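Trainee: I would like to take a close look at a single part of this model. Please go through it slowly and with the cut-offs stated.

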Amino acid sequence: FCGRGMSVEPDPSRREAGMGTNGAMNVGDAIERVGLGFGQYLIIFGSAISLLGEGMQLVVMFYLNDTLNGELGTSDLKVGWLDTAILVGLGIGCFAGGSCADAFGRKGTLQVANLFSAMLGVASAFAPNWVILLICRFSLGIALGAFIPGCVSLLMETIPSAHRSLVGIALPIALGASGKILVALLADLLHEDPSQAYLDWRTLLFVCSVPDLVGVVLDIIGMLFPSLSTIESPHWLLIHHGSVEASDELRRLAEQNGKGSEFPKGTALSTPEKHEKEETELHYLALLRSPWASPAFTGAIAQSLLAFTYFGFLFAIPMHLTSWVHDESRAEPWTEQERDTALVVISLAELPAALVAGLVLTHVSEVKVRDVVIWSIALLAVTSFIFGGSLLHIPEHPMTWIFGFLTRGLASLAFEISMVHIAEEFPHRFRATALSAVEGFPRFVAAFSPEIILSLQRYASVDTSTAWFQVAEPEFIVFSVLASIALVIIVVLLPAQEKGLDQDGGTEPLLD
């Protein structure tokens with residue numbers, strides 16, 4: 001955090017003590033001293049609840065084709081537009097949430113996004129017709145998207161580096177996966193015939209809103225009892241409000257963790273120099289300047305390809321299995337119970353993938369986030385193609401579903417952890433804005449994956465002479481190709497960093 005342009009090399013003894021050249025402590029070193037404790041657990045738990053709800057809301061419509069067709073008279077295409085609406089909303093929300101998180105703070109942005117997510121989720125459950133439901137899902141997507149950049153930034157900026165891989169990376173991914181698993185289990189209670197269903201679609205949508213409602217309750221408790229309130233990012237406070245406010249917030253974190261002696265009240269923090277132009281310009285304009293334009297552009301393209309692959313996979317599997325239930329030409333058509341069981345088993349893949357990656361990053365020092373990103377995308381390209389071929393030729397063979405399980409886990413891991421890898425490229429002062437740009441555009445791309453997959457399926461059913469369509473299901477060929485392109489972009493165009501750009505000021509030498 002030494003000022004940009006200073007020629008004096010920091011004294012090694014002060015660096016070891018966590019001090020800058022002016023005798024003040026760095027924010028990063030202060031967080032390392034305070035360690036992982038109750039203060040971070042509050043942030044983790046609050047984020048976990050909301051990420052669980054986000055995971056549930058993102059996939060719930062994939063399971064409602066038949067029930068919505070029966071009650072609201074919708075078609076599969078209209079249900080697909082409900083999926084599109086929430087993903088388009090996610091893209092818009094990412095852009096808005098990133099700007100708000102950098103301009104007004106991580107904590108406040110998360111609280112507002114959580115409140116609107118809860119209200120709009122409940123409103124979806126009471127929608128009287130398809131048009132109102134479409135509006136509610138689109139608005140809910142905006143609220144959910146606004147939560148993502150601030151959440152990732154707050155976790156990365158408050159968790160000590162020793163725990164960042166497991167707690168800051170694997171845990172959020174695992175919780176989002178848990179939400180998807182929970183929806184798959186609840187969807188097992190649905191049935192085409194309402195008289196035989198244990199759960200109707202309105203109740204299921206309301207249940208998906210419960211995590212956000214719990215998050216609102218936690219925010220209210222934090223307002224009433226400050227000791228149970230999460231802290232604001234000290235990095236953000238340092239940049240926007242100065243060292244005094246950041247020091248006070250770090251002191252509160254130290255007291256929450258029971259380590260007040262590690263960070264005495266009034267401890268001075270070193271403040272990075274900021275150019276006047278950077279103070280007044282819009283954060284998005286900074287992404288158009290060197291050196292940030294390259295990682296922002298390449299990151300957005302790679303994430304778009306991975307987003308289409310991941311969300312397309314989420315849509316394609318229920319579509320295939322549902323068609324098997326209604327396919328009377330099959331010797332033994334699947335039952336709804338078999339379909340739902342298969343969906344639950346495949347959805348379980350995301351959880352071990354996230355936890356294994358987190359444990360490897362934590363305990364194997366030679367493995368970096370970039371390594372996990374590269375290997376997960378490479379394996380995704382291979383397993384997706386194999387699964388598509390197996391699904392076409394030997395759909396009921398156990399190996400088919402083993403590759404389906406692997407593909408789902410790798411798709412989730414590649415999409416989520418690449419976001420963290422790209423986020424490390426940007427400094428704290430506009431990290432949330434950068435994340436919103438890198439994550440927002442891919443949501444727009446992924447929003448149209450249901451319609452594109454349906455079109456591919458219709459085309460493949462008509463044109464049976466195309467050689468590729470005789471090798472594998474067309475959408476999984478596309479997924480494999482897109483993952484391969486994303487791999488090339490990340491390996492060739494996105495530079496490898498020995499450490500994340502965690503310092504504001506002095507970022508150019510790190511890029512060099």
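Is Arg106 buried or exposed, and what is its relative accessible area?

Mentor: Some ground rules come before the answer: this is a predicted model, in which local features need pLDDT of at least 70 and side-chain atom pairs count only at pLDDT 80 or more, while totals for chains, interfaces and linings use all residues. Residues are numbered from 1 along each chain as its sequence is written, and side-chain values use heavy atoms, with hydrogens and water left out. Arg106 is buried, with a relative accessible area of 0%, where buried means under 20% relative accessible area, exposed over 50% and partly exposed in between, for a 1.4 Å probe and protein chains only. Arg106 forms a salt bridge with Asp102, and their closest N and O atoms are 2.5 Å apart; the term stands for a side-chain nitrogen of Lys or Arg within 4 Å of a carboxyl oxygen of Asp or Glu. Asp102 counts as buried as well, at 0% relative accessibility. A network of salt bridges links Asp102 and Arg106 with Glu157, and a search of the whole structure finds six salt bridges. Another of these pairs is Glu350 with Arg408, whose closest N and O atoms are 2.6 Å apart. That pair links distant parts of the chain, 58 residues apart, with Glu350 in helix 16 (residues 350-363) and Arg408 in helix 18 (residues 398-423), helices being DSSP runs of H or I with at least four residues, numbered from the N terminus. Glu350 is buried at 1% relative accessible area, and Arg408 also counts as buried, at 6%.

Notes: Helices (H or I, at least four residues) and strands (E, at least two) are DSSP runs, numbered from the N terminus.
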